[in-house]
Amino acid sequence: MGAMSLRTQSPEPSESQESAGSSGAVHRAGFACFVGRPNAGKSTLTNALVGQKVAITSNRPQTTRHTVRGIVHRPDAQLILVDTPGLHKPRTLLGERLNDVVRTTWAEVDVIGFCLPANQKIGPGDRFIAKELAGIRKTPKVAIVTKTDLVDSKALAEQLIAIDQLGKELGFEWAEIVPVSAVGDKQVSLLADLLIPLLPEGPTLYPEGDLTDEPEQVMVAELIREAALEGVRDELPHSIAVVVEEMLPREDRPADKPLLDIHANLFIERPSQKGIIIGPKGKRLKDVGIKSRKQIEALLGTPVFLDLHVKVAKDWQRDPKQLRRLGF
């Protein structure tokens with residue numbers, strides 16, 4: 001039975017025939033979420049599936065704070081990806097909130113994809129998540145082996161067997177075990193093919209053009225935060241929150257030359273961090289502005305004037321009032 005779950009085709013023959021076969025083709029729509037320890041490739045995979053950058057990717061843990069949904073549109077299905085923050089052992093109130101968000105999300109989705117990097121042995125962090133998953137009985141679980149471009153076929157085979165074993169040890173069976181490389185775009189569409197039969201039948205839930213249902217302001221804030229973290233991750237990995245105060249089209253502009261004014265605040269926890277973010281003679285903050293502005297313009301398809309300010313919100317990660325104000 002174990003080897004069965006390593007197949008790379010749909011788990012239920014009846015379902016794959018249904019969707020491919022009869023003229024009254026079945027339409028499926030539902031929610032999937034990717035879980036995995038920080039840096040397991042969850043956001044990169046979301047972006048590869050959706051084909052556009054929607055979740056922020058970073059080489060540091062805990063950067064995805066908001067539930068960013070990417071939407072994969074297919075003629076016979078709509079797969080909505082919910083990007084939860086990584087589950088981890090909480091040290092702060094923010095950490096506990098993030099974990100609550102994760103567990104609630106897991107209980108509400110139709111399928112869970114557990115991302116495990118091909119180039120790292122299964123560790124305590126993975127077991128911690130797998131144990132939590134074992135407790136969510138009803139939801140089908142797909143093991144996704146990411147970063148397969150970084151290993152040879154022998155190492156990949158060993159990882160696939162270890163993942164199969166992990167499920168057995170914890171008393172559940174993977175609906176599928178799929179190796180992918182989002183960077184090399186290998187098997188990414190196959191992954192969508194395997195997730196879709198696990199969704200319930202139903203009509204589309206979002207209009208065709210939608211790629212994410214996050215308000216644009218949240219996505220803009222994420223892009224600014226990502227740019228601000230570049231180069232200071234070691235010093236301030238979680239100490240930056242970004243709030244977009246307003247996004248307004250500039251008045252008195254000709255129709256063919258619009259300009260969007262965006263005013264945003266970067267919040268840090270302590271005054272001593274201000275200098276790190278601003279940099280000598282304001283150079284770092286200026287770079288953050290230039291970098292994020294380009295990405296925001298690409299996202300929104302319009303020229304942008306970006307006004308950034310750095311403010312101190314003392315120990316915001318531990319203070320419920322501040323967390324609420326900053327959108328957590």
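Q: How do helix α7 and helix α9 pack?
A: Helix α7 (residues 216–229) and helix α9 (residues 283–300) pack at about 145 degrees, their axes 8 Å apart. Axes are lines fitted to C-alpha atoms over the stretch in contact, with angles from 0 to 180 degrees between N-to-C directions. Helices here are DSSP runs of H or I with at least four residues, strands are E runs of at least two, and both are numbered from the N terminus.

Q: What kind of model is this?
A: A predicted one: local features need pLDDT of at least 70, side-chain atom pairs count only at pLDDT 80 or more, and totals for chains, interfaces and linings use all residues. Residues are numbered from 1 along each chain as its sequence is written, and side-chain values use heavy atoms, leaving out hydrogens and water.

Q: OK, switching to Thr146: which strand is that in?
A: Strand β5, residues 141–146.

Q: Buried or exposed?
A: Thr146 counts as buried because its relative accessibility is 4%; buried means under 20% relative accessible area, exposed over 50%, partly exposed in between (1.4 Å probe, protein chains only).

Q: And what does Thr146 touch beyond four places in sequence?
A: Ala40, Leu45, Cys115, Leu116, Pro117, Ala118 and Val180 are in contact with Thr146, where contact means heavy atoms within 4.5 Å. As for Ala40, its backbone oxygen lies 2.8 Å from a polar atom of the Thr146 side chain.

Q: How many helices and strands does the protein have?
A: 10 helices and 9 strands. Of its 328 residues, 51% count as buried.

Conventions: Polar contact = N/O pair within 3.5 Å; in protein donor to acceptor, adjacent residues only side chain to side chain.
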